[in-house]
Amino acid sequence: MIKNERQYRITKKQAACFLQTLELLRQQPAEAGIVHPLVAQAREDALRSQLADLEEQLQEYEALKAGSFDLDALNGVAELPSILIKARIALGLRHKDLAERLGLKEQQIQRYEATDYATASLTRINEVANALRMESNKPAQTPNSHS
């Protein structure tokens with residue numbers, strides 16, 4: 001994610017370099033058997049992929065600079081504590097289970113939830129969210145499974 005004008009300028013220059021390199025590759029003959037065609041194709045694909053990533057970041061930053069941002073997305077932040085608690089419950093995890101996944105004591109998870117994660121750092125909240133995305137103890141449901 002581009003966070004400021006300096007990063008924007010650097011990313012724009014990088015994208016231009018990738019584009020120029022791709023153009024040079026198109027103009028050169030097949031390197032007269034020096035490079036295997038699969039290697040040459042892999043190199044070009046890698047350059048295209050990197051260029052696409054940079055262009056996506058540039059477009060996102062330009063859209064944000066133009067004022068395109070859904071402020072309603074900020075409501076999700078206020079709902080995050082209850083979402084974490086609901087996810088834990090839906091996964092069938094006890095406080096102890098989540099604590100074990102995080103390498104914490106059960107009482108710490110209880111305190112976090114009692115205060116709606118008010119004392120948890122953003123890093124810790126991210127760790128909790130990641131821990132809740134792990135496999136649950138419940139069997140996976142498949143679209144074709146019939147109960």
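This is a predicted model: local features need pLDDT of at least 70, side-chain atom pairs count only at pLDDT 80 or more; totals for chains, interfaces and linings use all residues.
Visitor: Where does aspartate 116, with its positive phi, lie?
Guide: Happy to start there! Aspartate 116 is not a glycine, yet its phi is positive, at about 50°. Helix H5 covers 106-114 and helix H6 covers 122-132, and aspartate 116 lies in the loop between H5 and H6.

Visitor: Is tyrosine 117 buried or exposed?
Guide: Tyrosine 117 lies in the loop between H5 and H6, and also has a positive phi, of about 60°, without being a glycine. Buried means under 20% relative accessible area. Tyrosine 117 has 3% relative accessibility, so this residue counts as buried.

Visitor: And why does aspartate 116 count as partly exposed?
Guide: Partly exposed is the range between buried, under 20%, and exposed, over 50%. Aspartate 116 counts as partly exposed because its relative accessibility is 47%.

Visitor: Which helices are linked by the salt bridge of lysine 12 and glutamate 62?
Guide: The two side chains meet at 3.9 Å, N to O, and the cut-off for a salt bridge is within 4 Å. Their positions are 50 residues apart, in distant parts of the chain. Lysine 12 sits in helix H1 (residues 5-27) and glutamate 62 in helix H2 (residues 37-65), so the helices are H1 and H2.

Visitor: What is the distance between the closest N and O atoms of arginine 124 and glutamate 127?
Guide: Good one to check! Both residues lie in helix H6, three residues apart, which is about one turn of the helix. Glutamate 127 is partly exposed, at 32% relative accessibility. The closest N and O atoms of this salt bridge are apart by 2.6 Å.

Definitions and conventions
Residues are numbered from 1 along each chain as its sequence is written. Side-chain values use heavy atoms; hydrogens and water are left out. Helices (H or I, at least four residues) and strands (E, at least two) are DSSP runs, numbered from the N terminus. Buried means under 20% relative accessible area, exposed over 50%, partly exposed in between (1.4 Å probe, protein chains only).
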